[in-house]
Amino acid sequence: MTSFITFEGVEGSGKTTQIRRLAEALRLRGHSVCTTREPGGCPIADAIRSILLDPAHGEMAPRAELLLYAAARAQHVAEVIRPALERGEIVLCDRFTDATIAYQGFGRGLERDLISHLNDLASGGLVPDLTLLLDLPVEEGLRRALERNALDDGMREGRFEQEALAFHNRVREGYHHLAATESRFRVVDALGPEDEVALRVASAAAPVLEEGP
Ligand code: TMP
């Protein structure tokens, strides 16, 4: 049974929309679904999220950033993800441990061994059954993210969206590396209309959609 599905991708890859659509499709088939996100998903992790994404915190040390993501994850796994899996729900999570490898490892250049160790500690060894990487060129993703921020009156947190293009390209490269080495990854082309991407997501998640509740 595939129960824990994570969505990954660079900024503006459309994860939030596609999670909502996959959740609707799964519910129509009778599954109980929990949708959540990282960093965040519960009050303590949401409070850490506001510290992490505040554009005023440009000077945050990379190791402090890494530890805050780990702290948010430890709380989120304990309070939301594990209990939902224990209740027999399918959990769709917007980002998880792979984001830390891509952003803090490939993006910031922190040691990969240290990150793996912290990921294990924070997740208690929980590994997704399936990871969908919504892939698109970073220029297009950032264009979409900036457009979305403008629509939100600039109220969204945007510390990462202010990073240089080279940073986001390293993050994308990190995701491609993970997708090539971890068999649980499926790469989904995130370019094109939302409906088309939703069809690609549904086909990548077909084994789950076909399983009964
Ligand atoms: P979001 O924009 O997809 O909600 O993600 C919030 C930001 O946090 C995004 O820029 C990626 C970043 N991030 C990390 O750098 N490391 C992590 O472990 C996670 C979960 C997110």
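Modeller: Helices here are DSSP runs of at least four residues, and strands are runs of at least two, numbered from the N terminus. This is a predicted model.

Biologist: Where is Arg-184 placed?

Modeller: Arg-184 sits in the loop between helix H7 (165–181) and strand S5 (185–189).

Biologist: Why does Arg-184 count as buried?

Modeller: Buried means under 20% relative accessible area. Arg-184 has 13% relative accessibility, so it counts as buried.

Biologist: What does Arg-184 touch, leaving out residues up to four places away in sequence?

Modeller: Contact means heavy atoms within 4.5 Å. By that rule Arg-184 touches Asp-98, Val-127, Pro-128, Asp-129, Leu-130 and Thr-131. Take Pro-128: 56 residues separate it from Arg-184 in sequence, and 7.6 Å in space, C-alpha to C-alpha.

Biologist: What makes the pairing of Arg-184 with Asp-98 a polar contact?

Modeller: The cut-off is 3.5 Å between N or O atoms, with one able to donate a hydrogen and the other to accept it. The side chains of Arg-184 and Asp-98 make such a contact at 2.9 Å.

Biologist: Asp-98 belongs to helix H4 (residues 97–107), I see. Why is H4 described as largely enclosed by the rest of the structure?

Modeller: Because 11 of the 11 residues of H4 are buried. Among them are Thr-97, Asp-98, Tyr-103, Gln-104 and Phe-106. The cover over these buried residues includes strand S1 (4–8), H3, H5, strand S4 (130–135), H7 and S5. Just after H4, Gly-109 takes a positive phi of about 85°.

Biologist: Now Asp-94. How do you know that Asp-94 counts as buried?

Modeller: Its relative accessibility is 9%, so Asp-94 counts as buried. The cut-off is under 20%. Asp-94 lies in strand S3 (residues 90–94).

Biologist: Which side chain makes a polar contact with the side chain of Asp-94?

Modeller: That of Thr-16, at 3.4 Å. The limit is 3.5 Å. Beyond its sequence neighbours up to four places away, Asp-94 touches Phe-7, Lys-15, Thr-16, Ile-19, Thr-36, Arg-37 and Glu-38.

Biologist: Why are H2 and H3 called roughly antiparallel?

Modeller: Angles over 145 degrees count as roughly antiparallel. The axes of helix H2 (residues 43–53) and H3 cross at roughly 160°, coming within 8 Å. H2 and H3 are therefore roughly antiparallel to each other. From H2 the contact uses residues including Ile-44, Ile-48 and Leu-52; from H3, residues including Leu-68, Ala-72 and Gln-75. The crossing is left-handed.

Biologist: What makes H3 and H5 roughly parallel?

Modeller: Here the cut-off is under 35 degrees. H3 and helix H5 (residues 112–123) pack at about 30°, with axes 8 Å apart. They are therefore roughly parallel to each other. Their crossing is right-handed. Among the residues that meet are Leu-66, Ala-70 and Val-77 in H3, with Ile-115, Leu-118 and Ala-122 in H5.

Biologist: At what angle do H6 and H7 pack?

Modeller: Helix H6 (residues 138–151) and H7 pack at about 115°, axes 10 Å apart. H6 passes H7 in a right-handed crossing. Val-138, Glu-139 and Leu-142 of H6 make the contact with Leu-165, His-168, Asn-169 and Arg-172 of H7.

Biologist: Which backbone oxygen lies 3.2 Å from a polar side-chain atom of Arg-172?

Modeller: The one of Leu-136.

Biologist: Last one. Why is Gly-192 called partly exposed?

Modeller: Partly exposed runs between the 20% limit for buried and the 50% limit for exposed. Gly-192 has 43% relative accessibility, so it counts as partly exposed. Gly-192 is in the loop between S5 and helix H8 (194–204). Beyond four places in sequence, Gly-192 is in contact with Arg-144 and Val-197.

How values were computed: Residues are numbered from 1 along each chain as its sequence is written. This is a predicted model: local features need pLDDT of at least 70, side-chain atom pairs count only at pLDDT 80 or more; totals for chains, interfaces and linings use all residues. Side-chain values use heavy atoms; hydrogens and water are left out. Buried means under 20% relative accessible area, exposed over 50%, partly exposed in between (1.4 Å probe, protein chains only). Axes are lines fitted to C-alpha atoms, for helices over the stretch in contact, and angles run from 0 to 180 degrees between N-to-C directions. Angles under 35 degrees count as roughly parallel, over 145 as roughly antiparallel, 65 to 115 as roughly perpendicular and the rest as oblique. A crossing is left-handed if the near helix is turned anticlockwise from the far one by less than a right angle, and right-handed if clockwise.
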